Amino acid sequence: MCAGLYIYSRINTALEKLPRTHNHRPDPPFYDQHLHDYINKKIEAVDGAIATHQRHLQQVLSRSTAMTQDLKGPLSRARQLYQKISSLERCVSSSSGQLQLIAIQKTGHLRKIAIFSAQDTQLREQLSRSNRVLKEKEHRLDLSTFWKAQLADTERSKGDFLTHCRSGYVSYINVLIPSILSRLCSDSEQLLSTQQLLEFQLTADFKLLPSSGALSLARRSRGQLTRTYLALFLAMFVMARARMPFRPNFMFMDEIIDALDEAGMDGLRAWLAEYLGTEGGRAFLLTHREVPGGRSIEVVKEVGGGTMYRLRE
């Protein structure tokens, strides 16, 4: 298309240089009809090509315009998306900063939680120790309160456990009393009714209760009371020897023979010697009377206010 335009422009230039006349234009000396036809055809071909190219260019321009129009929407959407992306990036940047701040705060909170957890563990251990100490104190308090209540030995109030222990203790003593009383009364007045008259039982309150048909304590003579209390004492001695981890072999009896006459005193001494010889043990009879074969105890008051006891040779 460019070569055709060039030839066309050269021909126009050559024609313009020819001399012009008003009435007749003589044919140029070099004029050739065939060349002229050929040139005209070339010019027509060039014009056709130019027109074709112009139409093609117009179509291209039309398509470009249409494509430009078509691209306006995507470009607008692209700008909107870019703006949204920019906004999202700013949000992401802000969120990232907030997340970093939250991470820093979380680290601080985790550190505080670890500190509080350690303190909580220490407090729990302290609380556990305090609870154990408190339980031990409560246990000791309960025991002390229990035993205080059990050992409250009054006429109206006695502990259940202490009463239970006394019942077992007393029941064992009441089993021993009849056999000891029977042996104790065998050498007295030789009366069949003597043992029946002196029979008694020990209550849980450590009171002597005469058996059915026996004499009351107020109606018993001094000798009978001596045998009554001696039977009780010996039963307690036998039970103590059976219950204790060691076997006590000595008994001290204060003024047990003071209410007896000479015959009763000698009989009781002989009976005790025989009884303790069988059971195993020795008895020391303390009295204010002069006893044949006895030894005197001298009471000496010391300067500091104390009292010293020593046997006289």
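Thr226 sits in helix α5, where helices are DSSP runs of H or I with at least four residues, strands are E runs of at least two, and both are numbered from the N terminus. This is a predicted model, so local features need pLDDT of at least 70 and side-chain atom pairs count only at pLDDT 80 or more, while totals for chains, interfaces and linings use all residues. Residues are numbered from 1 along each chain as its sequence is written, and side-chain values use heavy atoms, with hydrogens and water left out.

Back to Thr226: its relative accessibility is 11%, so it counts as buried (buried is under 20% relative accessible area, exposed over 50%, partly exposed in between, with a 1.4 Å probe and protein chains only). Setting aside neighbours within four places in sequence, Thr226 touches Ile256, Ala259, Leu260 and Leu268, contact being heavy atoms within 4.5 Å.

Now the helix pair. Helix α5 (residues 222-243) packs against helix α6 (residues 262-279) at about 15°, with the axes 13 Å apart. Axes here are lines fitted to C-alpha atoms, for helices over the stretch in contact, and angles run from 0 to 180 degrees between N-to-C directions. That makes α5 and α6 roughly parallel (under 35 degrees; over 145 is roughly antiparallel, 65 to 115 roughly perpendicular, the rest oblique). On the α5 side, the contact is made by Thr226, Leu230, Leu234, Val238 and Arg241, and on the α6 side by Leu268, Trp271, Leu272, Tyr275 and Glu279.

Next, the rings. Searching the whole structure turns up three aromatic pairs: rings of Phe, Tyr and Trp (its six-membered ring) with centres within 6.5 Å, called stacked if the planes are under 30 degrees apart, edge-to-face if over 60, and tilted otherwise.

Tyr169 and Phe206 link distant parts of the chain, 37 residues apart: Tyr169 belongs to helix α3 (residues 160-185), and Phe206 to the loop between β1 (200-202) and β2 (208-210). Tyr169 is partly exposed at 22% relative accessible area, and Phe206 is partly exposed too, at 42%.

Trp271 and Tyr275 both lie in helix α6, four residues apart, which is about one turn of the helix. Trp271 is buried at 8% relative accessibility, and Tyr275 is buried at 3%. Both residues also take part in the contact with α5.
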